[in-house]
Each structure stands twice: as structure tokens, then as C-alpha cells.
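Colleague: Please take me through the open spaces in this model. I would like a close look at what lines them.

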Amino acid sequence: MRTTELDRERLERLADLHSDGGRVLSLYLNLDPSTLPTSRDRHSAITSVLDEADRRVEAAELPHAERMALRRDAQRVRDYLTSETFSARGVHGVAVFSAGGGDRFEVVRLAHPVEAQVVVDREPWIEPLAHQLSGPRLLVVLVDRRRARLLRGTADGLEELGKLEDDVHGRHDQGGWSQPRYQRGIEEEVHAHLRHTAEQVRRADLARRFDWLVVGATPELMSAFEAELPPDVRARLLGRFDVEMDTASLDGVRDAVAPLVETQERRRAYEAVDRLEERLAGGGAAASGLGDVLAALTERRVEALLYADGFSAAGAVCPRDGWLGPPTERCPVDGTATEPRENVLDDAVEAALAQSAEVIPLPEAELRGHGPIAAILRY
């Protein structure tokens, strides 16, 4: 069993979760403390979703061997959610996936509430997770004239990576002709400390590349620290915020960082829609509408998939070659009988992730009439 937080890499791996010839059980459990404040409330929610999983398993029209495997999947999920191993502390929801009679079992802890749902299908149902992606990977540096703290994570949660403190003399009035030289010595020590901190940032990036760097520092220290950063790291500098090193908590830092990330993500979405509009207007590499977008996904030409929150549409999938399209009984590529989908969006998201495309859910109004689903294409 693997239990993880959600990020894009994790979502891409989940898209590959399959059961040879069988079904995958996908279960989403809401644990929002604002609506489930007591352990009794959470226990009731767990019981309800587990009972729904049992009903879905028994309702599925499956060969005997597949049904028995799916029953084992449901029991594996039940055993986990009702065991002492499971804890709802610090999460607002959980997604659980089981396949192969429980041989492949994945748990994803969610930072945001999720609608309680159970799906039985040949593929894991991951579309709700696209809305739960925790955003870009961050490295946050808190730095003053002699100390620094490095934190890693996302806007949803940060963890301490390390601390450092350098020997920097304090400022005071020594007097006489030696005073200017003394102050220059202190400033040299400060710059050495900033270089040391910048080197730790570089090493952290080499160990695990981050998307954005955020710095907590005073304005006057910020310019000096920025000058010490390697150019490729400086290019990923998202912004600065004020911080009191002695009192900064993880929650406080996260609250300071979140607006910077939100602004950047909103800008990224707007820029994607701008690119979409420009290409559609000029007859360029873009697609709008379910049929054209699914065709582009089948051809692996999608650079970014954009769709409206709550979008749902029926479709079909070819189990042999992966063709995606509107509802039809036969695959137009090889004539294989297709598998119908009540909502083909999940397959579209999975296909987009498999070709390393961005997945950008948006309020429909922000698609500016090009929704409810569109795509920026590579060619």
C-alpha cells in the first residue's frame, strides 16, 4: 500500500493503475471538518461510502472471477478505512484506489474537501483529483542577516527542510577611525551568509527541482540575496514577503505564500486562455469542442487541456487502441467494440496526463465562450 499527498507526478502514476482484464475500484471520502466535526460524523461518512462501494460491486455485471476480485478490493478498502492505521487528522478528504483483488492499493490524502463517490471501471477515476492538484512545487527561504530557514512543499502545506546560522557580528557604534572598517567587515559577513544561503537553495534544487522560489526577507536584504542566486533559480523567483524569523510558524508562512501562488496560477490560466483564443482566431494549433479535443488527445497532440468546472459528457473508448470520441458502438480505427462512458472527461484527463499535457480546470466564464472543453495543441 502506498499513501501519499497529491502532486502531478502522483496523478500521472495513478493514471497507469490498471487491473489486467478486471476493474478498478475508486472511492472518494469527504472528511471536511467544517461539515464533519466529530468522530461520530466521520465514522458515519466512512460507513456510508463503504456501503455504497459494496452496492456498486454487487450491481456491476461482471464475470465471476472479476466480481470476486472486486469484492476483495472492496474488503481491502473497508479494512483500511476502519483500521487503526487510518487517520483523518490533517486532511479534508481521501481518495482510495484498489485493483487486482487488493494487490494494487493506493491512498491519496487530499488537502481540500471532495464529494463522496464510488466508481467501478476499467480505469481509475481520477478526474476529481485534477481539481485537487496542490499547485507548483515551492521552495521557501526565510532569511535575515545571520540566519536562514528552508521549507519545501506547496501552497497547501510546507515542511521544514533545514536551518542555518552564520557567524555575523552585530551592529554597534565602535567609534573612531575604525568604525567604517568595522561596519564594512560586518557587511562582508552578511554577504557571505547570503551566499551560503543561496548555495543551500541551489543544492535543494539539485536534490529535487522546485517550480518557484519564494523568499521571506526585508526589502533591503532581498536585493542583495537575489543577486547571489544562480540565474536559473533567479528566473523562478516568485516573490517576497515580510517575515519575523523568531516568530514565523509553518501556518503563518503558508498563509503569506498562498496569495503569491494563487496570483501566479491565475495568471497561468489566463495566459493559457489567451493562447487558445489567439490560435483559434488564426487557425492555429488549437481545438474547441468535445469531438475535436478527443481526436487531438487520441493523436497525442495536446499541450494543454482546458475544461469548465463540472463539465460532463458521454463518450466512448476503444479498449484496444485507446481511441477517444463521442458515443459510438465501433472504434473508427480498427472496428473494435467500444466501451461507453457516461462521462468521458476522466478518460480525457488521463490521456492528457499520459502525454505530459497541462490540465487546467476553469470556471466556464473564463473560457470566454470556447468551452466547455478546449485544447492548445503542439502542432
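**Pockets and a cavity**

Modeller: Start with the second largest pocket: strand E5 gives its lining the largest share, five residues. Keep in mind that the model is predicted. The space in this second largest pocket comes to about 950 Å³. Its lining has 33 residues, and Val119, Asp121, Trp125, Glu342 and Asn343 are the closest to the centre. Which elements give two or more residues to this lining? They are helix H2 (39–59), strand E5 (117–121), helix H4 (127–130), strand E15 (339–341) and helix H10 (345–354). Sort the lining of the second largest pocket by class. You get 13 nonpolar, six polar and 14 charged residues.

Now turn to the largest pocket. It holds about 1200 Å³ of space. Here 36 residues form the lining, and the closest to the centre are Leu133, Gly135, Pro136, Glu265 and Arg268. Three names to find in the view are helix H1 (8–15), helix H8 (250–281) and strand E16 (358–362), the elements that give two or more residues to this lining. H8 gives the most, with 10 residues. By class, the lining of the largest pocket has 14 nonpolar, seven polar and 15 charged residues.

Stay with H1 for a moment. Its buried residues are Arg10, Leu11, Leu14 and Ala15. Where do they sit around the axis? They are on the same side of H1, because they cover an arc of only 145° around the axis.

How many cavities of 30 Å³ or more does the structure hold? The structure has one. The volume of the largest cavity is about 30 Å³. Look for its lining at Ser19, Gly22, Arg23, Glu66, Ala69, Leu70, Asp73, Gly100 and Gly101. By class, these lining residues are two nonpolar, four polar and three charged.

To go over it again, begin with E5, which gives five residues to the lining of the second largest pocket. Then find H8, with its 10 residues in the lining of the largest pocket. Next, turn to H1 and pick out its buried residues, Leu11 and Leu14 among them. Finish at the largest cavity, where Ser19 and Gly101 are among the lining residues.

How values were computed
Residues numbered from 1 in each chain as written. Predicted model: local features only at pLDDT ≥ 70, side-chain atom pairs only at ≥ 80, totals over all residues. Heavy atoms only, no water. 1 Å grid on protein atoms, 1.4 Å probe; cavity = no way out; pocket = protein on both sides within 12 Å on 5 of 7 lines; lining within 4 Å. Points joined across faces, edges and corners; volume = space filled by probe spheres on them. Helix = DSSP H or I, 4+ residues; strand = E, 2+ residues; numbered from the N terminus. Nonpolar A, V, L, I, M, F, W, Y, C, P; charged D, E, K, R; others polar. Buried < 20%, exposed > 50% of the residue type's maximum accessible area, 1.4 Å probe, protein only. Arc of directions from axis to C-beta.
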